[in-house]
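Subject: Structure handover

Hello,

Here is the structure you will be working with. Please open it beside this email, as the notes below follow it part by part.

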Amino acid sequence: MMRTTLSEVFCSVQGEGPYVGCRQAFVRFTGCNLKCNYCDTPVEATKVCKFEAVPGSNKFHEIENPLSPEKVSEMINSYSGLHSVSLTGGEPLMNADFINLLKTKVPLYLESNMTLPRMAKKVKDKVSYVSGDVKLLPHSLLEDPELHLESTIECFRTLKVTKDRDCFCKIVVTKDTSEDDIEGVVGAISGYISCLILQPVTQKAMQPEPGFLLKLQESFLNEIDTRIIPQTHKMWGCL
Ligand SMILES: C[S@@+](CC[C@H](N)C(=O)[O-])C[C@H]1O[C@@H](n2cnc3c(N)ncnc32)[C@H](O)[C@@H]1O
Ligand SMILES: Nc1nc2[nH]cc(C(=O)O)c2c(=O)[nH]1
Ligand code: SF4
Ligand SMILES: [Mg+2]
């Protein structure tokens with residue numbers, strides 16, 4: 001029977017992108033194929049999955065890993081009033097087969113680094129919302145920068161916006177983000193997305209100047225609905 005290792009399951013509101021404020025269950029998978037220099041989340045496998053049964057209580061049950069899709073579905077379905085279920089991590093696409101076995105009452109919202117095209121194909125009819133990052137990382141952090149870009153574009157093509165699925169792109173912008181890198185990739189994926197979110201990195205020391213973000217937004221607005229939205233959940237201290 002298929003099982004996977006989760007670090008946490010909790011109920012909160014979406015803090016990033018166009019669905020900010022929507023009530024969601026968050027399912028956090030462990031493990032990741034990338035090492036983003038700004039990543040705010042531990043990705044290592046954990047012995048137990050922390051489960052916040054009562055939203056906002058800050059009290060967690062410890063559930064032994066690994067977990068079955070039936071158990072995870074039951075945990076998710078215990079919450080009420082959900083808009084959708086955020087599948088995050090780590091990199092949730094590393095668990096595509098597990099995701100396909102979930103049975104939830106509300107639609108699935110995938111939060112992905114968009115670098116695993118074979119896995120993207122597996123979940124394309126299972127997820128209703130795709131929050132796809134484009135990872136503009138220093139080349140020293142990528143094994144094969146050219147393949148990275150090709151895989152990103154292929155993931156967006158596979159999971160593109162349709163009448164049954166929304167797909168938007170988030171790009172974490174730091175003071176090291178190059179305008180040329182962003183322009184190239186946005187041109188390649190703009191036909192596959194409903195909007196582009198420029199998400200300034202949350203750590204003060206790495207943040208870009210507001211003027212840089214506004215200039216980027218101006219240059220993309222001819223091509224795609226482009227919004228600047230920082231992480232909002234950190235502002236009011238929710239999970
Ligand atoms: C922790 S990741 C997990 C999902 C997936 N691995 C990914 O990167 O999209 C969830 C979201 O948090 C964003 N994120 C991570 N660290 C951040 C930071 N320091 N500032 C702003 N956004 C950040 C990621 O870019 C991604 O959009
Ligand atoms: N509230 C809240 N919103 C989020 N949006 C994306 C998150 C993530 O870590 O994937 C996240 C998260 O961890 N919490
Ligand atoms: S892809 Fe996501 S989880 Fe993995 S290191 Fe980057 S931000 Fe963190
Ligand atoms: Mg987060």
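In what follows, Ala, Val, Leu, Ile, Met, Phe, Trp, Tyr, Cys and Pro count as nonpolar, Asp, Glu, Lys and Arg as charged, and the others, Gly among them, as polar. The model is predicted, so local features need pLDDT of at least 70 and side-chain atom pairs count only at pLDDT 80 or more, while totals for chains, interfaces and linings use all residues. Residues are numbered from 1 along each chain as its sequence is written, and chains are lettered from A and ligands numbered from 1 in the order in which they are written.

The ligands

A residue is taken to be near a molecule if its C-beta atom, placed from the backbone, lies within 6 Å of it. By that rule, ligand 3 is surrounded by Cys-32, Leu-34, Lys-35, Cys-36, Cys-39, Thr-41, Val-43, Gly-89, Gly-90, Glu-91 and Asn-113. This shell divides into five nonpolar, four polar and two charged residues.

Around ligand 1 there are 19 residues, and the closest are Tyr-38, Asp-40, Thr-41, Asp-133 and Thr-202. Strand S6 (108-112) and S8 are the elements that give two or more residues to this shell. Strands (E, at least two residues) and helices (H or I, at least four) are DSSP runs, numbered from the N terminus. By class, the shell of ligand 1 has five nonpolar, nine polar and five charged residues.

Ligand 2 has around it Ser-12, Val-13, Gln-14, Gly-15, Glu-16, Phe-26, Thr-41, Thr-88, Glu-111, His-233, Cys-238 and Leu-239. Four of these residues are nonpolar, six are polar and two are charged.

The sheet

Ten strands form an open, mixed sheet in the order S4-S3-S1-S2-S5-S6-S7-S8-S9-S10. Strand S4 (61-64) and strand S10 (226-228) stand at the edges with a single partner strand each, so one side of each has no neighbour in the sheet. Two strands pair if DSSP finds at least two bridges between them. On average, neighbouring strands of this sheet are turned by 20 degrees against each other, direction ignored. For angles, axes are lines fitted to C-alpha atoms, for helices over the stretch in contact, and angles run from 0 to 180 degrees between N-to-C directions.

Strand S3 (residues 48-51) runs antiparallel to S4, and four bridges join them. In S4, Ile-63 is the bridge partner of Cys-49. Helix H6 (residues 210-220) packs on the sheet and touches strand S8 (166-173), strand S9 (196-200) and S10. Contact between two residues means that their C-beta atoms, placed from the backbone, lie within 7 Å.

Two helices

Helix H4 (residues 145-158) and helix H5 (residues 179-189) pack at an angle of about 30 degrees, with their axes 10 Å apart. H4 and H5 are therefore roughly parallel to each other (angles under 35 degrees count as such). Their contact is made by Leu-149, Thr-152, Ile-153 and Phe-156 of H4 and Val-185, Ala-188 and Ile-189 of H5. That contact has six nonpolar, one polar and no charged residues.

Backbone exceptions

Most residues other than glycine have a negative phi, and most peptide bonds are trans. Asn-58, in the loop between S3 and S4, has a positive phi of about 65 degrees. A cis peptide bond joins Asn-65 and Pro-66, with omega about -5 degrees. Pro-66 lies in the loop between S4 and helix H1 (69-77). The peptide bond from Gly-89 to Gly-90 is also cis, with omega near 20 degrees. Gly-90 is in the loop between strand S5 (84-88) and helix H2 (96-99).

Regards

Terms used. Parallel < 35°, antiparallel > 145°, perpendicular 65-115°, else oblique.
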